[in-house]
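Here is a friendly briefing on how some parts of a protein chain meet. Take a look at the model first, then work through the points below.

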Amino acid sequence: MEQLQDLYALQLQLLVEVRNHAENFLNKSKQKHLATQEDKNPSRNFIDNKAIQLLADHQDLQEFLKNKKLNNWERDDEYVSLLFKELREKEWYKEYLELSNPTLQEDRNIVAKFYKNVVAPNDKLYDYIEDTRLTWADDFPMVNTAIMKLLGKISPKNAHSLVLPDVYKNDDDREFALTLLRKVILNNEKLTEEIDGKTPNWDKERIAEIDMIILKMGISEFLYFPSIPVRASINEYLEVAKEYSTPKSSIFINGILDKLVKEYTKDGKLNKMGRGLR
């Protein structure tokens, strides 16, 4: 989880560094010997983008990057240049530059569009991330999803708590997460078998990977965490599905988990402790 947070913070800073690169590009363009009218009076919309400025001004994020020595985009700034070059070629970026005093929503939209259409699918950036830290290749899709969610709702009111949330609430929360991870990994084959046959209209291979993970986590809580109420587990993973998976995933996951609860209850597999936990 900590390494995932490192990548998350690094990718947020990438947006800031692209903004900084854009400002340097603008200043150099003004100084050209044969500067055009556009070079002399360029749009500052992207440079003054309010969503990116919230990231640049976020003290906890900047302190986190400094403490973790996550200065990759200063060392390897060719990736920043590469992404900005691609951004400048987009028609929707040119249209954004022509706006007069963009709103916060328009600023959020352009940054989200940039991340989704330029940053996330860039093969060279992905290769660099994989070469930098092997586990980041697996974390990349989830980090991209989290950043897209953030860019859709960041504002001056919520930036402090939204940009860099704590990975764990406390030590107990961390221990639970590690225990759940171990249970899912060690019982992966059994958990897969539990799902088999519960999806008559779907082959295992057609189930989204994130949905399989959510299902296995939910089943693990049913079978190996006697103090967690069944309904609490289901509700929690439905929220996870809504946040990180496809629009229809929560309905799909709810159907399978509900079917398994009825089966486990009938077979006496739910060993929940305490009144009302079933």
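Helix H1 (residues 2–30) and helix H10 (residues 136–153) have axes that come within 9 Å and cross at roughly 55°. Keep in mind that this is a predicted model, where local features need pLDDT of at least 70, side-chain atom pairs count only at pLDDT 80 or more, and totals for chains, interfaces and linings use all residues. Residues are numbered from 1 along each chain as its sequence is written, and side-chain values use heavy atoms, with hydrogens and water left out.

**Helices that cross**

- Helices here are DSSP runs (H or I, at least four residues), numbered from the N terminus.
- Axes are lines fitted to C-alpha atoms, for helices over the stretch in contact, and the angles run from 0 to 180 degrees between N-to-C directions.
- H1 and H10 are therefore oblique to each other; angles under 35 degrees count as roughly parallel, over 145 as roughly antiparallel, 65 to 115 as roughly perpendicular and the rest as oblique.
- On the H1 side, the residues making the contact (heavy atoms within 4.5 Å) include Leu 4, Leu 7 and Tyr 8, while those of H10 include Trp 136, Phe 140 and Val 143.
- The residues of this contact of H1 with H10 divide into 14 nonpolar, two polar and two charged. Ala, Val, Leu, Ile, Met, Phe, Trp, Tyr, Cys and Pro count as nonpolar, Asp, Glu, Lys and Arg as charged, and the others, Gly among them, as polar.
- The axes of helix H12 (residues 171–186) and helix H14 (residues 209–224) come within 10 Å and cross at roughly 100°, so H12 and H14 are roughly perpendicular to each other.
- Phe 176, Leu 180, Lys 183 and Val 184 of H12 meet Lys 216, Met 217, Ser 220, Glu 221 and Tyr 224 of H14.
- The contact of H12 with H14 has five nonpolar, one polar and three charged residues.

**Aromatic pairs**

- Rings of Phe, Tyr and Trp (its six-membered ring) pair if their centres lie within 6.5 Å; planes under 30 degrees apart count as stacked, over 60 as edge-to-face and the rest as tilted.
- The count by this rule comes to eight aromatic pairs.
- In one of them, the rings of Phe 46 and Phe 114 have centres 6.3 Å apart and planes at 90°, so the pair is edge-to-face.
- Phe 46 lies in the loop between helix H2 (37–40) and helix H3 (50–56), and Phe 114 in helix H8 (residues 104–119), so the pair ties together parts that are 68 residues apart in sequence.
- Phe 46 is buried, at 2% relative accessible area (buried means under 20%, exposed over 50%, partly exposed in between, with a 1.4 Å probe and protein chains only).
- Phe 114 also counts as buried, at 1% relative accessibility.
- Phe 46, Tyr 93 and Phe 114 form one aromatic cluster.

**A buried serine**

- Ser 233 lies in helix H15 and is buried, with a relative accessible area of 1%.
- Not counting residues up to four places away in sequence, Ser 233 touches Glu 221, Phe 222 and Ile 228.

**Two loop residues with positive phi**

- Most residues other than glycine have a negative phi.
- Lys 69 has a positive phi of about 55° although it is not a glycine; Lys 69 lies in the loop between helix H4 (59–67) and helix H5 (72–75) and is exposed, at 65% relative accessible area.
- Asn 101 has a positive phi of about 55° too; Asn 101 lies in the loop between helix H7 (91–97) and H8, and counts as exposed at 67% relative accessibility.
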